[in-house]
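This report covers charged side-chain pairs and helix packing. The sequence and structure come first, followed by the notes.

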Amino acid sequence: MESPYKGKTGLVRLWNAFGYSLAGFRAAYKHEDAFRQEVLLATILIPLALWLPVAYLGKALMIASVLLVIMIELLNSAIEATVDRISLENHDLAKRAKDIGSSAVLVSLINVLAVWGLVLLH
């Protein structure tokens with residue numbers, strides 16, 4: 001069965017989508033310690049990127065790498081919530097899904113280090 005919200009179009013759809021996005025952000029902030037830590041990191045690193053004397057492209061790359069961590073953490077949190085919704089029982093596939101999501105977050109954090117290091121050493 002299709003969602004009853006799928007028929008919405010135009011500004012109504014955009015407004016609904018914006019509301020759902022804010023609700024997701026609030027839920028992640030309320031329930032996910034790692035997300036709160038990464039938001040704190042972003043509130044420090046994004047202004048720092050804007051302040052540092054690097055080219056605009058470097059600033060953009062530095063900020064994008066930080067925002068990528070936030071995006072990947074949101075997806076990882078969604079995967080974890082979905083797996084937990086299905087079952088809290090230990091299962092190899094549930095562990096694999098959660099571990100892979102966690103690995104994606106780790107790769108995005110390594111990306112921050114690489115991008116910031118390359119931009120600042122250039």
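Asp99 is partly exposed, at 36% relative accessibility (buried is under 20% relative accessible area, exposed over 50%, partly exposed in between; 1.4 Å probe, protein chains only). Asp99 forms a salt bridge with Lys95, and their closest N and O atoms are 2.5 Å apart. A salt bridge here is a side-chain nitrogen of Lys or Arg within 4 Å of a carboxyl oxygen of Asp or Glu. Lys95 and Asp99 are four residues apart in helix 4, so about one helical turn separates them. Helices are DSSP runs of H or I with at least four residues, numbered from the N terminus.

## Basis of the values

This is a predicted model, in which local features need pLDDT of at least 70 and side-chain atom pairs count only at pLDDT 80 or more, while totals for chains, interfaces and linings use all residues. Residues are numbered from 1 along each chain as its sequence is written, and side-chain values use heavy atoms, leaving out hydrogens and water.

## Other salt bridges

By this rule there are three salt bridges. One of them joins Asp84 to Lys98, with the closest N and O atoms 2.5 Å apart. Asp84 lies in helix 3 and Lys98 in helix 4, so the pair ties together parts 14 residues apart in sequence. Asp84 is partly exposed at 32% relative accessibility, and Lys98 is partly exposed at 26%.

Asp33 forms a salt bridge with Arg36, the closest N and O atoms being 2.0 Å apart. Asp33 is exposed, with a relative accessible area of 52%, whereas Arg36 is partly exposed at 27%.

Technical notes. Helix = DSSP H or I, 4+ residues; strand = E, 2+ residues; numbered from the N terminus.
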